[in-house]
Amino acid sequence: MIEGRAMGAMGANCYLYACMESKQAVIIDPGADGKRIYNWVLEKGLKVNYILLTHGHVDHIGAVDELRGLLGEVSVGIHAGDEEMLTDAKKNLSSYLGSNVVLQSADFLLQDGQELSIGQQRLKVISTPGHSPGCVCFLSAEGLFSGDTLFAGSIGRTDFPGGSLDQLLKGVKEKLLVLPENTKVYPGHGEATTIAEEKRDNPFLL
């Protein structure tokens, strides 16, 4: 099961990915509205094992510690390239917005190619730096969670500290566009798309 909802003032997509047989689940990118996300989990009757972060910008991490408190035993994972963003308001960009979000450190660090089990389902980590140094995507049997790397008709901006357009395009072309064309793509902002649509229509990838 995949469900997504836009959270917070910047409308970052937060996703629930669950194995409905075991009711085990992960939360991907809880950027804001922690109580709303918690209630969503309760509505579905899920047990959250992991909070997984595609990257460390504030609009994708803002509700992590609130959810830690509400959920109890849950492990938070982020790539080493963005690890310091959790604990540094300047690096996660919140200081520029006047909110100064400083969170606890991650419980574990994600690595390219790593696979995580969620009940009978699996999520594979795909490292795609460029929007930030530690940007990752998560590939499941039901689709790709692309964070702020790939959007419907666009790509992530690369003008933040640590960004690189060359790196981002290389990762998208070599790691994402090679996936089956019918792969559903669930981005960090906006509507879902497919690999086929982005290969055909995305002006940044033509």
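The largest pocket is lined by six nonpolar, five polar and three charged residues. Keep in mind that this is a predicted model.

**Largest pocket**
- Its volume comes to about 230 Å³.
- Met10, Asp59, Leu93, Arg157 and Phe160 sit closest to the centre, out of 14 lining residues.

**Second largest pocket**
- Here you get about 160 Å³ of space.
- The lining has 13 residues, and those nearest the centre are Met85, Lys90, Lys91, Pro133 and Pro161.
- Sorted by class, that lining splits into six nonpolar, two polar and five charged residues.

- As a rule, nonpolar side chains in soluble globular proteins tend to be buried together.
- The largest nonpolar core counts 25 residues, and Leu16, Ile27, Ile37, Leu46, Ile51, Leu53 and Val64 touch the most other members.
- Strands β2 (12-19), β3 (24-28), β4 (47-52) and β5 (75-79) each give two or more residues to this core, and so do helices α1 (34-44), α2 (58-61) and α3 (64-71).
- A separate core of 16 residues lies apart from that one, with Val26, Leu52, Phe108 and Val125 among its members.

**A closer look at Ile27**
- Which residues is Ile27 in contact with, leaving aside neighbours within four places in sequence?
- The list runs Cys14, Tyr15, Leu16, Ile37, Val41, Val48, Tyr50, Ile51, Leu52, Leu67 and Leu71.
- Among these contacts, Leu16, Ile37 and Ile51 are, like Ile27 itself, on the list of core residues that touch the most other members.

Terms used
Residues numbered from 1 in each chain as written. Predicted model: local features only at pLDDT ≥ 70, side-chain atom pairs only at ≥ 80, totals over all residues. Heavy atoms only, no water. 1 Å grid on protein atoms, 1.4 Å probe; cavity = no way out; pocket = protein on both sides within 12 Å on 5 of 7 lines; lining within 4 Å. Points joined across faces, edges and corners; volume = space filled by probe spheres on them. Nonpolar A, V, L, I, M, F, W, Y, C, P; charged D, E, K, R; others polar. Core = buried A, V, L, I, M, F, W, Y, C linked by side-chain atoms within 4.5 Å. Buried < 20%, exposed > 50% of the residue type's maximum accessible area, 1.4 Å probe, protein only. Helix = DSSP H or I, 4+ residues; strand = E, 2+ residues; numbered from the N terminus. Contact = heavy atoms within 4.5 Å.
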